[in-house]
Amino acid sequence: MDARAALVGRDAERAALDEAVRRSAAGSPSAVLVSGESGIGKTRLVTEVTAGFEREGGRAFWGRCLRFGAAESPYHPIGQIVSHWFRQASAAERERVLADVDPEGLGAISPLVARSHGEPDPAELMRLVTTVLDRISAEAPTAVVVDDLQWADTTSLDLIAYLMTGFGPGQRLCVLATYRDTDLGEGHRLHGWLADMRRFPAVQFLPLGRLGLQDTEELVAQLRGNERAVARGAAVFEGSGGNPYLAELLTGVPEGESAARATTLREVLLASWHRLAKASRDLMQLLAVGGRPVPVAVLGRLAASRGLTAQDVRDGVAESGATGITILNEQGELWFRHPLLAEVILTTLLPEELLGIHREFALVWEEVANQPLVARAAHLALHYEGAGRVDDAFEWSLRASDTARELFAYAEESQHLHRASLLWERLSATLRGSDHEWALLLGRASDSAFRAGDFTLALELRERALQRVDRVGHPLDAAHLYTHLGLYKDNCGLTEVSEPEPDHLAVTEPFPESPERAIALAWTAFANLWGGRHAAAVQDADEAVRISRRAGSDEALAWALGVKSQTRWSTTAGLRDAEEAVVHARAAGDQILRGHTAVFVSNCLAGLGRVAEATDVAAGLVHELMSTRSFYEAVEVIPGVAVGLLDLGRWDELRSLLHNALSRRVQGAWGAEIRFLAADLAVRTGNLQAAQLHQTRARELLPGRRLVGGIQPVVEARIAWAAGDLARSLEILEQALHAHVDVDPADAAEGLVWAARTAADLGERPGERDAAVRWLDRIEDALGVTSEWFGATTSTDAIHPAWGRLYAAESHRCRADRQAQPQLWDDAVRATDEAGLVWECALASYRLAQSQLATGGSRARASAALRDAARIASHLGATPILRDAEALAGQAHIPLTEPVPADHEGSVPAELARLTRREREVLHHLVAGRTYAEIARELFISEKTVSVHVSNVLHKTGTATRIEVAHLARRLDFE
């Protein structure tokens, strides 16, 4: 819309945006996504609001999305934002903001503002940009605007999501984005991204509707500045349908021309084009065929071949810019201010004219030597296809895919390979190969789609490849295509990996000693394992290992040894198999296989009770793959890492991991798993609404329930438990445990603890005790629960015994054996502390205090346990446990902060006054130079608890190491 007209008809929407930026300026960061059809006034509304924000001392930086692919210009809108700030900032501000992040001045984030520095690492760039924007907002309240989000490249969407989902208290940052919801066709990548963003409370959605008659009349009056304009408002309203941009165009058409007839979108848009000079109109037609922003130099060369002079081009660029038709960006590329103009101007050309211009564009791009190959390849593939030169389009699509792969631009690689596969049937006889070669191309495109995170397309292309592959002439190629079929189905949530793929084995039968046969047997063993057919799984896995060793194939050995490890995953022999599988997977260079083998090792370590090691191993691979832009090849590893971080109380790391994962568009089963993990964390932190929202999104991604091989059932049970629907929670757990026990009883131990916990909570409700006991008895009888469920798998396994202690305490609580509970809960506290199950330790400590007080036990022990529960819960952010501990402390008149004993008050230096009694005891031992093990023995606590106390001491005293804090204590004469 023209800047002369004031904003009309948007009072409510403007108030909402004003409130968002004001809140952000006060330290409550937020994001608002403004949507509507093309020309509805999204950009104008945001412009008005940010202008007012700047008048009040804030700053606004804009980034506009254009029709680029990430391979050509990754992070384009973010680059504009950073460049905008960099040009405006003083030298002193640049130095403050970029200190220690980028001391040389945009050296590390220069790929955002200059293409010559190569492709940045996405994970590192996300962190750097977030840090830079956080510091910019610390200088002054800041609004970041991203315009036309529907054209954002995949990498930019990831970064924007990372920024919006990582808002922190006190951050003076507001993200405003606009997008055309009418442009989001079926399968558009923004659909999933928007669905993810709806789950975050700091993100608001602001849809803009069309103007009414009165508002349109006011707009016309402001634009024309005369009385007749008001009367004309009805005609403008009728022609524009209330679309502000179309109303502006109609209002600008002189009376007596085509205004009365300009009642359709095409006529209105073409009115502005028709008013240009003939040469400028011709230039706009060429630009429209370009299909995306075109360098003026390239456009000029094409124009010259069409009879336009250099002056015609200069005048056309100037005239179209002055009338608001085009925008010239900072890279010297020209594109339309309103994309509908390009779409409509194309309709002014005849089909044969389009073919000719596409052909000439292709010739120009062939001759341009100063443009990056990746840009040339993408343009040439587009224009050769438009010119009907299918062979050339096919070959350039393959070249574009290769260059995109070199830049780790997997989404663009997938796009180009998909185009090539679609062009295959139209290729000339001399270029088109056999159906088998087509199948191999489809398989390549399938793998690329998986790397890009489009699991649905990956499966579709895989199945198409298997329909065309020559199983008779090339059976081993068919076997290769089958290798990931089950994985792709599982990722799409279409099936669980519990049934073997018969054709996979069948095509390898003629080659009994081949690596392909070994891999097919490994997959069959894997399916049998998850189907509860353990003996068959062992037999197939052993045979796969035998064949693989004879064949000497790293890929086959990785699969075979990995699957064999899972048939004995709670043994040291299983761990050795898994670790050897990792070595072979690395040698094979298959990232998906590396992800699988990392999961195998993690499972074995967890089965041996070494949860911390399991978590660290899997986390290491996730970070490694993400650093090579292979995020979607690491998604199956993320759930295991997240579960470990949750159990171990490493919630800050978990939040960071989930923040990164949720900012991506992960489809199918793994997307659902990530959502359920976010829901689980939300339950533990007391945010039931967020948990339920994550659960809803997870169910959209995976409508059915996976009883085995995922965390869905136990998390859904926990959500029902948190919501107070205990019967529903027990129903889910009973069903899941019954299915899981056939696969591995020991792994069902945690679920059984939750069943006992839920039944105990149900039993505490009036009149529900008998029903609760019946629930638990039925579950125990059906599963055949024995002490073996909770036995240590090795001498170092503290996890399974801890679940056993918890189960004993919870089952007794269910059966109302109150006198036995204090000792049982004391055992549970010690066991969970030893195992490192931090959240469980906090809850057990609360239950210990509760049972001590209820049975008239030791008040001192109850007080200590209650303080431990509150301390751990506060550190984690486990609000429900903290809330319950505070309520019980209030009822029992127990202070949750330990007062300094009267005979020591005067001897505690002020610098150490914040330490609790236990923390001061630990500090005494640190001063004496004792080790963690010696302190643990002296104070009758575990080394893990000593470590927690030492961390608290360092935090409260502002010191960095135990040596530094000991020196401080000695200097203060602390004894």
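F450, F455, Y488 and Y632 come together as one aromatic cluster. Rings of Phe, Tyr and Trp (its six-membered ring) pair here if their centres lie within 6.5 Å; planes under 30 degrees apart count as stacked, over 60 as edge-to-face and the rest as tilted. Keep in mind that this is a predicted model, where local features need pLDDT of at least 70, side-chain atom pairs count only at pLDDT 80 or more, and totals for chains, interfaces and linings use all residues. Residues are numbered from 1 along each chain as its sequence is written, and side-chain values use heavy atoms, with hydrogens and water left out.

Searching the whole structure turns up 13 aromatic pairs. A pair of aromatic rings is described by the distance of the centres and the angle of the planes. Here are two of the pairs:

| Pair | Centre distance | Plane angle | Type |
|---|---|---|---|
| W424 and W438 | 6.3 Å | 10° | stacked |
| W721 and W754 | 4.9 Å | 85° | edge-to-face |

W721 sits in helix α35 (residues 712-722) and W754 in helix α37 (residues 749-763), so this pair ties together parts 33 residues apart in sequence. Helices (H or I, at least four residues) and strands (E, at least two) are DSSP runs, numbered from the N terminus. As for W424, you'll find that residue in the loop between α19 (410-423) and α20 (435-451), while W438 belongs to helix α20, 14 residues apart.

Are these tryptophans buried or exposed? W424 is buried at 7% relative accessible area, W438 is buried at 5%, and W754 is buried too, at 1%. The cut-offs: buried means under 20% relative accessible area, exposed over 50%, partly exposed in between (1.4 Å probe, protein chains only).

Now for the backbone. Most residues other than glycine have a negative phi, and most peptide bonds are trans. D148, not a glycine, has a positive phi of about 60°. D148 is in the loop between β3 (142-147) and α6 (154-164), and is buried at 16% relative accessible area. H893, also not a glycine, has a positive phi of about 55°. H893 lies in the loop between α43 (879-892) and α44 (917-927) and counts as exposed at 67% relative accessibility.
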